[in-house]
Amino acid sequence: MKFVGIIPARYASTRFPAKVLALLNGKTVIQRVYEQVKDCFDDLYVATDDSRIADVVTSFGGKVVMTSEDCKNGTERCFDACCNLNIDCDVVVNVQGDEPFIQRKQIETLMSCFADERTDIATLVKPFEQTDGWERLSNPNSPKVVLDDDNFAMYFSRSVVPYLRGVEQDEWLDKHVFYKHLGVYAYRLDVLKKITSLQQTPLEKVESLEQLRWLEHGYKIKVGVTNIETIGIDTPEDLERAKEFASSIGLCWE
């Protein structure tokens, strides 16, 4: 199968404008992401509507494609990029531009989901650890996923699911494996075209999770499980944590 990676990157961000251009140990965040995954795909592009991001990507030798300013999210930007490039591939992988610690093994896990012919879309989860505690488990900014026996997603929620009846909250992580959703996706090319034309659905609106739209319309989302920890950069504080995380794991970036 042919896999093409696309890194959607926008300049505007309410909590951290220009975050993909912030420096992380001497290189921009977007360059860190690009270099982490560049050897995973048959081709790789940064998709952006901002010339400042495009100029930075070009300066470090990356490939860039300009997309519409009207794209509402990364999925739409991936599809717009595919249209502009006239891409011919089996699967498009959406790599978030603010995840500089994403690992090759995670991408390989994601791509392996398409060995199952039932897979329309794939994504990743990481099990919560007992040391995470209730505060991290219940954080609504960290969506949870319920899986079936074949590792297809049954539901995504900002609430803690499933609910453990009769168990004290401080014991939940001891009694059940909860899965944290990592926001990286891959789509069969024909499925990507279809899902970008779907109307919003009730569950998507109430949870503010676009993947629920796909489930409500009957698409099958295969889930790969990873134990690798990553740090997404949504705020200036996250950038500082990312620097500390790189140091704590002994990451020697050039």
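Modeller: On a 1 Å grid over the protein atoms alone, a cavity is a set of points where a 1.4 Å probe fits but cannot get out, a pocket is an open set with protein on both sides within 12 Å along at least five of seven lines, and lining residues have an atom within 4 Å of a point. This is a predicted model, where local features need pLDDT of at least 70 and side-chain atom pairs count only at pLDDT 80 or more, while totals for chains, interfaces and linings use all residues. Residues are numbered from 1 along each chain as its sequence is written, and side-chain values use heavy atoms, with hydrogens and water left out.

Biologist: Thanks! How many helices and strands does the protein have?

Modeller: Helices (H or I, at least four residues) and strands (E, at least two) are DSSP runs, numbered from the N terminus. The C-alpha atoms fill a box of roughly 55 × 40 × 30 Å along the principal axes. Within the protein there are 10 helices and 11 strands.

Biologist: Which elements give two or more residues to the lining of the second largest cavity?

Modeller: This second cavity has a volume of about 60 Å³. Its lining consists of Asn73, Thr75, Glu76, Ile195, Thr196, Glu210, Arg213 and Trp214. The elements that supply two or more of these residues are α3 and α9.

Biologist: Which element gives the most to the lining of the largest pocket?

Modeller: About 2100 Å³ of space lies in that pocket. It is lined by 47 residues, and those closest to its centre are Arg15, Gln96, Asp98, Asn141 and Asp234. At least two lining residues come from each of α3 (74-85), β10 (179-188) and α10 (236-248). With 5 residues, the element that gives the most is β10.

Biologist: Is Ala18 buried or exposed?

Modeller: Ala18 is not a glycine, yet it has a positive phi of about 60°. Its place is in the loop between β1 (3-8) and β2 (23-24). Buried means under 20% relative accessible area, exposed over 50%, and partly exposed in between (1.4 Å probe, protein chains only). At a relative accessible area of 15%, Ala18 is buried.

Biologist: And Ser208, buried or exposed?

Modeller: Ser208 also has a positive phi in a residue other than glycine, near 55°. Ser208 lies in the loop between α8 (202-207) and α9 (211-216). Its relative accessible area is 52%, so Ser208 is exposed.

Biologist: What percentage of the 254 residues in the protein do buried residues make up?

Modeller: Ala18 is one of the buried residues. Across the 254 residues of the protein, the buried part makes up 52%.

How values were computed:
Points joined across faces, edges and corners; volume = space filled by probe spheres on them.
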